[in-house]
Amino acid sequence: MFCFHVTFSECSDGQYACANGLSCIREDYRCDYISDCADNSDEVDGCVCDLSFEFECIAGGCINGTWTCDGEEDCFDGSDEEAELCGYTTEQPATDVTMTKGN
Ligand SMILES: [Ca+2]
Ligand SMILES: [Ca+2]
């Protein structure tokens, strides 16, 4: 028996109701590193990171530990690419590198 506090009345058994109440996703889509709810609640609610190989995003949610500082924001809040975490210099964003050659 499912006894969740489901606010989205049309979610069926085996589905997870996103915290914003706007959508239902498959239960097994929770904590799979991919944000399926618009509010990312499926990656935060009840997800427990195994820090031996996962990184816990500041806003919640887990990603593969090897995904930190790889130039792509994998956390919903982008905290896996925080300059402080990765040691980037703030003056030189990694995404906007200009190739300047002397004439
Ligand atoms: Ca997901
Ligand atoms: Ca990343």
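These are my notebook entries on a predicted model of a protein chain.

**Ground rules.** I number residues from 1 along each chain as its sequence is written, with chains lettered from A and ligands numbered from 1 in the order in which they are written. As this is a predicted model, local features need pLDDT of at least 70 and side-chain atom pairs count only at pLDDT 80 or more, while totals for chains, interfaces and linings use all residues.

**Confidence.** I looked up pLDDT, the predictor's confidence in each residue, from 0 to 100. The chain averages 85, and 78% of the residues score at least 70.

**Layout.** I found 1 helix and 4 strands. Both are DSSP runs numbered from the N terminus: helices (H or I) have at least four residues, strands (E) at least two. Starting at the N terminus, the order is β-β-β-β-α.

**Burial.** I call a residue buried if 20 or more other C-beta atoms lie within 10 Å of its own, exposed if 12 or fewer, and partly exposed in between, with C-beta atoms placed from the backbone. On that count, 19% of the 103 residues are buried.

**Core.** Which residues make up the largest nonpolar core? I got Phe55, Cys57, Cys62, Ile63, Cys75 and Phe76, 6 residues in all. Such a core is a set of buried Ala, Val, Leu, Ile, Met, Phe, Trp, Tyr and Cys residues joined through C-beta atoms within 7 Å. In soluble globular proteins, nonpolar side chains tend to be buried together.

**Contacts.** Two residues are in contact if their C-beta atoms, placed from the backbone, lie within 7 Å. Leaving out residues up to four places away in sequence, Cys57 touches Ile63, Cys75, Phe76, Asp77, Ser79 and Asp80. Of the chain's contacts with a separation of 6 or more, 10% join residues 24 or more positions apart.

Most residues other than glycine have a negative phi. Cys31, though, has a positive phi of about 55 degrees, and Tyr33 has one of about 80 degrees. I placed Cys31 in the loop between strands E2 (24–26) and E3 (54–56), and Tyr33 is in the loop between E2 and E3 too. Why does Cys31 count as partly exposed? Because Cys31 has 18 C-beta neighbours inside 10 Å. Tyr33 has 14, so Tyr33 is partly exposed.

**Helix check.** Ala83 sits in helix H1. Ala83 is partly exposed because 13 C-beta neighbours lie inside 10 Å.
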